Amino acid sequence: MRTSRGFLVEFVEDRWKALEIIGLYYKGPVKYAKAVLEKWPKSNGIVALIGGAAAGAEIFYKVDLLTPACVHYYIAVVPEHRNRGVATQIVQRVEKLCTAPVYMATTTEDNAAALRLFTKLGYTPHRWEDIPRRARDFLLKATCGYDDDVLFIKGADPREVAQRTNDVEKFWLETCLKPYLSL
Ligand SMILES: CC(C)(COP(=O)(O)OP(=O)(O)OC[C@H]1O[C@@H](n2cnc3c(N)ncnc32)[C@H](O)[C@@H]1OP(=O)(O)O)[C@@H](O)C(=O)NCCC(=O)NCCS
């Protein structure tokens with residue numbers, strides 16, 4: 001696929017290479033990404049290639065809310081390939097690989113590139129503090145988005161899908177709480 005700026009992007013599914021790229025270019029701890037890949041069977045990673053070299057990567061997973069949801073968990077593009085439409089292609093590719101009625105991502109309010117990326121792809125931003133408490137607590141668990149300020153969601157209103165499920169409880173315990181406590 002070519003990006004809107006004309007760059008030809010190819011994709012490979014490779015969870016450990018994706019983790020390596022995220023580790024290099026994502027500012028912040030990646031222990032949660034590693035835990036998801038190791039402990040959550042409904043997870044995967046893709047690497048975007050330009051000219052055969054890694055240009056970016058994403059780690060994503062599925063979890064059951066009231067309906068299944070796909071979460072764009074970690075995404076990063078190699079600095080020299082930024083602003084060329086690579087992340088746009090990655091998010092669209094993940095939506096095809098991880099088909100679900102609902103898609104989510106979280107980010108910080110100061111991340112202009114991520115805010116633009118998800119907004120232009122049809123995701124609605126909600127500040128965590130604007131989501132009613134029960135729905136917020138549940139969606140924080142489903143995304144492990146505690147370090148972020150904004151939830152992006154496509155396909156549903158956050159209140160409609162936020163109903164306690166065993167899947168979310170298990171996801172949160174194994175891949176979010178335990179790594180947080182370094183267990
Ligand atoms: C966020 C990130 C993945 C975006 O990757 P990218 O390949 O540069 O994104 P794209 O080129 O597909 O651009 C997506 C949109 O954001 C806009 N954009 C890109 N960088 C931007 C910036 N620094 N400020 C504002 N808008 C920006 C683009 O113009 C584009 O919008 P448009 O199509 O309307 O022009 C990349 O900046 C990155 O790796 N950041 C570090 C890791 C990170 O923050 N990950 C996200 C955590 S949720």
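Modeller: The shell around the ligand

β4, α3, β5 (102-107) and α4 each supply at least two residues of the shell around the ligand. Helices here are DSSP runs of H or I with at least four residues, strands are runs of E with at least two, and both are numbered from the N terminus. This is a predicted model, in which local features need pLDDT of at least 70 and side-chain atom pairs count only at pLDDT 80 or more, while totals for chains, interfaces and linings use all residues. Residues are numbered from 1 along each chain as its sequence is written.

The ligand is surrounded by 21 residues, and the closest are Arg82, Ala87, Thr88, Ala113 and Arg116. By class, the shell has 12 nonpolar, 5 polar and 4 charged residues. Ala, Val, Leu, Ile, Met, Phe, Trp, Tyr, Cys and Pro count as nonpolar, Asp, Glu, Lys and Arg as charged, and the others, Gly among them, as polar.

Helix α3 covers residues 86-97, 12 residues in number. The buried residues of α3 are Val86, Ala87, Thr88, Gln89, Ile90, Val91 and Val94. Buried means that 20 or more other C-beta atoms, placed from the backbone, lie within 10 Å of the residue's own. What covers these buried residues includes β2 (43-50), β3 (53-64), β4 (68-77) and α4 (112-120).

Technical notes:
Expected span 1.5 Å × (residues − 1). Buried ≥ 20, exposed ≤ 12 C-beta atoms within 10 Å, placed from the backbone. Contact = placed C-beta atoms within 7 Å. Near = placed C-beta within 6 Å.
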